[in-house]
Every structure is written in C-alpha cells, then in structure tokens.
Amino acid sequence: MAKQNKMKRSLKSRHIQLMALGGTIGTGLFLGSGQAIHSAGPAILLAYIITGIVCFWIMRALGELLMSDLNYRSFVDAIRVYLGPRVSFITGWAYWACWIALAMAEITAIGMYFQLWLPSVPQWIPGLLTLIVLLCINLITVSAFGELQFWFALIKILAIALLVLVGIGMMLISFKSKGGYVASPINLVNNGGFFAAGAKGFILSFQMVVFAFVGIEMVGMTAAEAENPRHVIPRAINAIPFQILLFYVAALAVIMCIYPWDRLAPSKSPFVMVFNDIGLRGAASLINFVVVTAAASACNSSLYTTGRMLAELTATSHRPGIRKISKLSRNSVPAFAVIISAGVVAIAAILNLIMPGGVFTVISSIATTSFLFIWATIMVTHLKYLRSQPQKRIFKVPGAPFTDYLVLVFLGFVLIVLCLNKQTLGALIFTLIWFAVLAFASLSQPKK
C-alpha cells in the first residue's frame with residue numbers, strides 16, 4: 001500500500017456546505033424538541049437564538065485559526081502551536097473519545113428506531129449493520145463520505161422545510177386540529193406567556209439546547225481535505241446563523257403555533273404529531289426514516305472525525321507501530337485509524353446485549369459535557385493567536401476579543417446549569433475525572 005504524505009482535497013463546496021448545515025440538525029431536534037419545549041415553553045426559541053449566536057462566534061474563531069495557516073490538518077494543530085503539545089494532546093484525545101461515545105449512542109438509537117419496522121429483530125443488529133456499511137463507504141474515498149453526508153443532510157433539510165411550509169399553510173387557513181386547537185401565532189403567548197415555564201425552566205433549557213449544537217465544529221476537521229478551503233470554509237461558517245434561524249427557530253416556532261406548547265407530549269416527536277394531525281398516512285414511518293438518517297449521519301460524521309483525529313494524534317508518536325495507524329491508503333484515507341475507531345464504536349453492539357439502553361444516555365451526556373471544554377479551548381487558543389499575531393488576521397471574528405470572553409462566560413454559565421441537574425452533574429464530574437487522566441497522560445509530551 002503506497003503511502004501518501006497528504007490527504008486529497010476532494011471535499012467540494014456543496015459537500016462542506018451541506019455537512020455544515022446537516023451538522024446543526026440532529027436527532028435532538030427531531031426527537032428531543034418535545035422535551036425541550038415542555039421544559040421551557042416558547043422561551044426555548046430565545047435559548048436557541050442565544051446559543052446559536054455563541055456557536056457562530058465559536059465557529060468564526062475556529063475559522064480564523066484555520067485560515068491563518070492552511071497547513072493545519074484540524075483545529076488541534078492550532079492548539080498545539082499556541083497552547084503547546086500537552087494541551088493539544090488532552091484536547092485531541094478528548095475530542096476523539098467524545099465522538100466515539102456519541103457514535104455508540106447513535107448506533108444504539110438506530111437499533112431502537114428500527115424496532116418500529118422490525119420489532120422482532122434484536123436491537124443490536126441494525127446498528128451494527130449500519131456501522132459496517134458506513135465503514136466501507138468511509139474507506140473508499142473522502143469524496144464518498146462527502147457525498148453520503150450530502151444526501152443525509154438533504155433528507156433532514158427537506159423534512160424540516162416541509163414541516164415549516166405545511167405549518168405556515170395551516171396558520172394561513174386557521175387549521176383546526178383533531179384536538180380542537182386552531183393553528184395561529186397567538187399560541188406562542190396564549191398559554192401562560194412567552195416565559196410560561198418561568199426563569200428556572202428557561203435557564204435549565206440551555207443544557208438541552210447546547211447539546212443540540214454538539215459537533216457543529218466538525219467543519220474544522222475538513223480543512224486538510226477541502227477542495228478550496230480559503231473560499232469554502234468561511235462560506236460554510238457564515239451560513240450558520242441562517243441555518244439556525246430556519247432549521248431550529250422556525251421549525252420549533254411553527255410547531256408551537258400549530259399546537260399549544262403545553263399540549264405537546266414531551267416523550268413524543270412533535271414532528272410526528274404535526275404530520276399525523278394533518279392526516280398524512282404513514283407519518284410515523286416517514287419521521288422514523290428521517291431520524292434513522294439523522295442518526296446514521298451522526299455516526300458517519302463520527303467515523304470521519306475520529307479517523308482523522310486518531311491519525312493526527314498518532315502521526316508524531318515515537319513508536320513506529322503507533323505511527324502506522326496514521327498511514328494513508330492509496331485513496332488517501334487514514335484507513336487504519338478509521339477501522340480502529342469503528343471497532344471501538346462496535347463495542348456498543350456488545351454492550352446492548354448486557355447493559356440497559358439507559359447507559360447510552362449517560363455516555364452522551366458525558367461526551368457532550370466534554371465539548372464545552374473543547375469549545376473553551378478553541379476560544380482560549382484564538383485569544384492567544386490574537387495576542388501573538390495581530391497583523392496577520394484573515395477572516396476576522398466580529399467584535400474579538402470581546403466576543404471571545406463573552407463565549408467563555410456563556411460556557412461557564414452552562415457548566416453552572418449542568419450542576420443543577422443530578423444526571424448532568426454526574427456527567428460533569430466524570431468528565432472532570434477523564435480530563436484529569438488525560439492531563440496526567442500528557443506529562444509524557446514535550447513542553448514545547
């Protein structure tokens with residue numbers, strides 16, 4: 001197998017655009033939005049807008065770091081330059097573990113979703129088969145991965161666009177549901193007001209809202225394989241505010257206009273309720289198909305991200321056997337790293353046989369909590385970049401460095417919110433222990 005020194009820049013503009021768009025739309029929107037609405041009421045829209053603005057600043061800081069040196073393979077390279085090898089070691093391995101844990105939860109979710117169609121099939125089989133198919137596609141070429149993500153994202157986008165259009169149509173004709181509710185914008189304030197759940201409900205909702213944006217920074221992993229990174233990556237990042245407004249705020253606003261927010265079942269998908277109420281046959285199967293593709297998309301993203309990250313982390317090892325993991329295939333894909341990552345994710349299938357499904361909720365909580373620390377590290381790196389190279393700025397962050405500090409304050413606020421819930425507090429404590437272990441392991445790294 002011939003070794004290539006560099007990955008091919010095969011990800012086209014449409015691939016990265018749709019990857020950025022699809023990365024902000026996950027199973028949390030399709031299945032978890034009912035619980036989010038139940039907790040915060042209509043004010044959940046404001047929580048999404050605030051978090052969306054923060055995520056935009058994070059992505060702009062990430063984009064400026066990547067544009068400052070096109071030789072960076074990912075944001076971990078920038079962290080190594082400005083914060084040192086020890087911090088990059090901790091961040092890189094934490095990021096790899098985060099995506100592994102999320103992928104384990106996603107293939108478990110796929111097995112659960114397939115129960116609607118194949119109730120007699122063991123839960124672990126659909127997830128494992130999906131993982132194998134995604135692995136094979138990831139081993140072909142990076143453009144094959146990009147193409148698959150393109151179509152996965154397109155399915156999710158079309159589903160949400162259809163919901164928004166149908167909802168607007170229902171409001172225009174004052175559609176009356178089977179439960180006797182008239183579709184109208186007045187429903188946003190008609191049942192206890194905009195902040196109907198109170199300040200506490202609004203504050204606690206941020207833990208769910210922030211989790212919905214986990215993985216948005218994945219665009220930063222495409223820097224080494226983007227066809228024209230100087231043009232494509234800034235364009236993808238700048239489109240994020242529009243994506244958030246349309247695919248989160250607009251979709252949830254339409255749902256709460258069609259149904260009074262306090263009538264939505266927290267345990268059910270509000271998307272299914274809307275399509276069922278307009279008499280669309282097979283609504284449950286339609287939404288089930290969409291959430292299966294959303295979960296498969298997240299798992300596909302995980303294989304891509306963990307494969308590239310593992311290759312980057314092992315490329316500088318002093319041990320030849322470890323360095324082989326970073327070796328590229330003839331198609332310029334880090335095949336060994338992708339296979340190893342997929343193998344670790346496949347452990348979820350075994351765990352499904354011996355452990356209850358609830359364990360994956362905990363795993364996801366731990367992983368998403370870790371992302372707060374990773375986002376904070378990106379912002380601290382950007383601050384260090386601003387101090388060291390103020391004259392070489394490309395793709396400047398609006399309002400920096402003030403916005404950098406504002407993001408760090410927000411992330412600190414979310415950490416405090418996590419302490420207010422027993423489950424998320426446990427995840428936070430476990431995450432701190434995990435980072436302490438990585439910090440100890442990083443002592444083997446050179447200081448500079």
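Predicted model: local features only at pLDDT ≥ 70, side-chain atom pairs only at ≥ 80, totals over all residues.
Residues are numbered from 1 along each chain as its sequence is written, and side-chain values use heavy atoms, with hydrogens and water left out.

The protein chain contains 19 helices and 0 strands, where helices (H or I, at least four residues) and strands (E, at least two) are DSSP runs numbered from the N terminus. Of its 448 residues, 55% count as buried; buried means under 20% relative accessible area, exposed means over 50%, and partly exposed lies in between, as judged with a 1.4 Å probe on protein chains only. Among the contacts with a separation of 6 or more, 82% are between residues 24 or more positions apart, a contact being heavy atoms within 4.5 Å.

The mean pLDDT of the protein chain is 81, and 86% of its residues reach 70 or more.

Two packed helices are described by the angle between their axes and the distance between the axes. For helix α4 (residues 44–67) and helix α11 (residues 240–258), the axes come within 10 Å and cross at roughly 170 degrees; axes are lines fitted to C-alpha atoms, for helices over the stretch in contact, and angles run from 0 to 180 degrees between N-to-C directions. That angle makes α4 roughly antiparallel to α11, since angles over 145 degrees count as roughly antiparallel, under 35 as roughly parallel, 65 to 115 as roughly perpendicular and the rest as oblique. On the α4 side the residues in contact include Ile44, Tyr48, Gly52 and Phe56, and on the α11 side they include Ile240, Tyr248 and Met256. The residues of this contact divide into 14 nonpolar, 1 polar and no charged, where Ala, Val, Leu, Ile, Met, Phe, Trp, Tyr, Cys and Pro count as nonpolar, Asp, Glu, Lys and Arg as charged, and the others, Gly among them, as polar.

Two serines in helices can be set side by side. Serine 205 lies in helix α9 (residues 198–212) and counts as buried because its relative accessibility is 0%; leaving aside its neighbours within four places in sequence, serine 205 is in contact with Ala40, Ile44 and Ala47. Serine 388, by contrast, is placed in helix α17 (residues 358–388) and counts as partly exposed, at 43% relative accessibility. A polar atom of the side chain of serine 388 lies 3.2 Å from the backbone oxygen of tyrosine 385, and the C-alpha atoms of serine 388 and tyrosine 82 are separated by 8.6 Å, although these residues are 306 residues apart along the chain.

The loop between α17 and α18 holds phenylalanine 395, a residue other than glycine whose phi is positive, near 60 degrees, and which is buried, with a relative accessible area of 15%. Proline 401 is found in the loop between α17 and α18 as well, and the peptide bond from alanine 400 to proline 401 is cis, with omega near 5 degrees.

Key:
Polar contact = N/O pair within 3.5 Å; in protein donor to acceptor, adjacent residues only side chain to side chain. pLDDT = per-residue confidence, 0-100.
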